[in-house]
Amino acid sequence: MCHILVCVKAVPDLNDVQIDDSGKFHRSTTNLQWNIADLSAVEAALSLKDIGGTVTVLTMGPAKLEAPLKELLARGADRAVLISDPALVGSDTYATAKVLATAVQKLGHFDLILCGNQSVDGETGQVPPMLAAALNMPCITNAEQLTLNANQICLERILEDGMAKLSVELPCVVSIRPYAYTLRLPGIFALRKAQKTPVHCFGIQDLGLTPDICGVFGSLTKVSAIEKQFHSRRNGPKETNPDTGCAQIIRYLQEVK
Amino acid sequence: MRSNIAVLCPFRLDGGLITKAVSLCQNTPLRVLVPHCDADAAMALGAKFIHTVDAVCLGVDEQQITQWLKEFVLREDINIILAPATVRMRCIISQLAFLLNAGLTADCIDVSVENETLIQIRPAFGSTQIATITSHSSIQIATVRPDIFPVIPRPCKDSIVIPETFLSEGGRIKQLSIQSFTEQFALTQAKIVIAGGLGIGSREGFDKLHRLASVLDASVAASRSAVDAGFAPYDCQVGITGKAVKPEVYLAFGISGAVQHLAGISGARKIIAVNKDKHAPIFDYADYAVVADWETVVDKLLEELS
């Protein structure tokens with residue numbers, strides 16, 4: 001029996017991010033969706049669970065994530081946990097890892113903690129290894145092809161210039177590459193069951209945390225300025241004749257040394 | 001408190017990062033941790049205290065490496081740490097930052113020091129924003145995008161080389177095998193990249209792009225929607241959830257130009273876009289645009305170039 005916890009994050013659709021002129025990002029008005037790599041991690045957990053075990057999904061975010069969490073229950077997760085509290089707003093990766101670690105310890109014993117490798121909004125990839133450090137567990141990032149045998153997990157880790165096959169003892173934290181796994185579809189019975197399964201909601205007090213170690217107060221980094229960066233528009237000429245276009249493309253290619 | 005800056009690159013020297021760090025140090029000495037074999041290179045770049053380690057001996061148990069680095073940082077009283085943002089160093093440095101209660105900023109594209117504060121610049125929200133981040137912890141850490149700063153030799157006359165030893169104690173992570181690949185690396189280093197989007201329509205369409213790529217000695221890339229559709233493998237995905245490329249010429253076929261994709265190609269010198277939709281957003285970001293069916297253009301190119 002392998003008890004797996006998957007940490008998931010709701011992120012804005014980056015093609016629909018609403019940012020005002022002062023550079024402030026409006027999380028409340030932007031559509032949220034589960035981070036793509038985190039869904040990969042959920043499927044990794046579900047396929048390991050097929051051999052026997054349980055899957056718990058855990059997220060930290062606004063209260064409106066209850067419904068999206070039920071979707072993950074419908075895909076096969078056994079338990080869904082939402083940590084939501086106004087005091088958590090503005091948490092950096094350090095504060096987030098601390099809160100998640102506290103929640104993990106409260107929820108019981110897990111053999112394996114999976115996360116997505118990095119979120120598409122923050123793009124830091126820091127939370128999984130920080131969570132591992134908080135729980136004193138080993139951590140492997142950028143992984144795929146997980147197989148479980150006895151008290152260890154074997155996996156492939158993609159590096160810049162190669163792929164390492166590793167084994168790591170449980171319990172451990174593993175972050176999964178986006179697209180490594182495709183999340184299964186929900187079954188009709190699972191959908192019905194999920195509607196009846198409650199999402200466990202916790203505020204920081206329920207976790208025994210105080211506001212000074214959460215959110216902005218518990219963070220060590222601060223965004224001191226943010227400015228819009230427009231992908232530089234190059235506005236090159238438009239050619240509609242394919243022959244002329246090809247000739248010009250070849251000229252560009254010939255300039256490459 | 002005076003800044004005591006250190007560059008940690010125990011697996012592979014990042015010369016540009018050392019050059020950058022030397023410039024941040026001004027009159028204070030720079031401390032670096034590099035593989036034994038890179039001691040001379042670090043000296044030529046101006047590092048004063050050069051701690052060296054056997055990179056192979058470090059092994060794969062990054063929990064142990066983190067512990068070892070933590071002791072190193074505390075022993076040398078380091079308060080600003082820079083490290084290359086490689087897969088392994090990002091994992092190690094995150095654990096290190098947590099254990100040291102240090103603020104950490106990932107994958108910076110520039111750093112500076114003002115009044116002992118590390119000013120960290122990084123793209124945010126799919127490179128639509130540039131954020132300036134500071135930490136208010138006694139130790140401040142940043143990982144920096146690998147190899148983005150120019151390497152400038154500035155020999156330090158009185159460098160001191162300090163060999164360090166790392167003793168592994170039967171860790172919880174073991175390496176079973178390693179396979180190095182040249183192709184993935186090739187995409188991020190390629191001089192010409194041939195990219196396809198959803199408009200390519202099929203795996204067979206991508207086969208055609210591969211034919212063009214082999215004629216041009218180029219690498220093939222794909223947009224996220226093409227990967228989602230199963231036309232191309234994730235390894236060649238370019239954009240926020242994929243790789244960033246910086247070729248001389250980026251040739252985009254059937255790519256509409258979502259923000260997520262544009263974030264991965266801003267480093268290209270010339271962007272050429274071919275799309276039959278004259279309103280495709282990518283045209284605004286292209287140096288040259290051809291409004292035509294991608295296949296017509298690829299066929300013509302194959303004919304002309306073969």
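**Helices and sheet**

A: In this predicted model, helix H4 (residues 62-75) of chain B and helix H5 (residues 87-99) of chain B have axes that come within 9 Å and cross at roughly 55°.

Q: Which residues make the contact?

A: From H4(B), the residues include Ile65(B), Leu69(B) and Val73(B). From H5(B), they include Cys91(B), Ile92(B) and Leu96(B). The residues of this contact comprise seven nonpolar, four polar and three charged.

Q: Now the sheet: how many strands form it, and in what order?

A: The open sheet has 10 strands with mixed pairing, in the order S11(A)-S5(A)-S4(A)-S1(A)-S6(A)-S10(A)-S7(A)-S8(A)-S9(A)-S11(B).

Q: Which strands stand at the edges?

A: Strand S11 (200-202) of chain A and strand S11 (173-180) of chain B do; each has a single partner strand, so one side of each has no neighbour in the sheet.

Q: Do S4(A) and S5(A) run parallel or antiparallel?

A: Strands S4 (residues 53-60) and S5 (residues 79-83) of chain A run parallel and are joined by five bridges. Leu58(A) stands opposite Val81(A) in S5(A).

Q: Which strands does helix H3 of chain A touch?

A: Helix H3 (residues 93-107) of chain A packs on the sheet and touches S1, S4, S5, S6 and S11 of chain A. Its direction makes about 145° with that of S4(A).

Key
Residues numbered from 1 in each chain as written. Chains lettered and ligands numbered in written order. Predicted model: local features only at pLDDT ≥ 70, side-chain atom pairs only at ≥ 80, totals over all residues. Heavy atoms only, no water. Pairing = 2+ DSSP bridges. Helix = DSSP H or I, 4+ residues; strand = E, 2+ residues; numbered from the N terminus. Contact = heavy atoms within 4.5 Å. Axes fitted to C-alpha atoms, helices over the stretch in contact; angles between N-to-C directions. Nonpolar A, V, L, I, M, F, W, Y, C, P; charged D, E, K, R; others polar.
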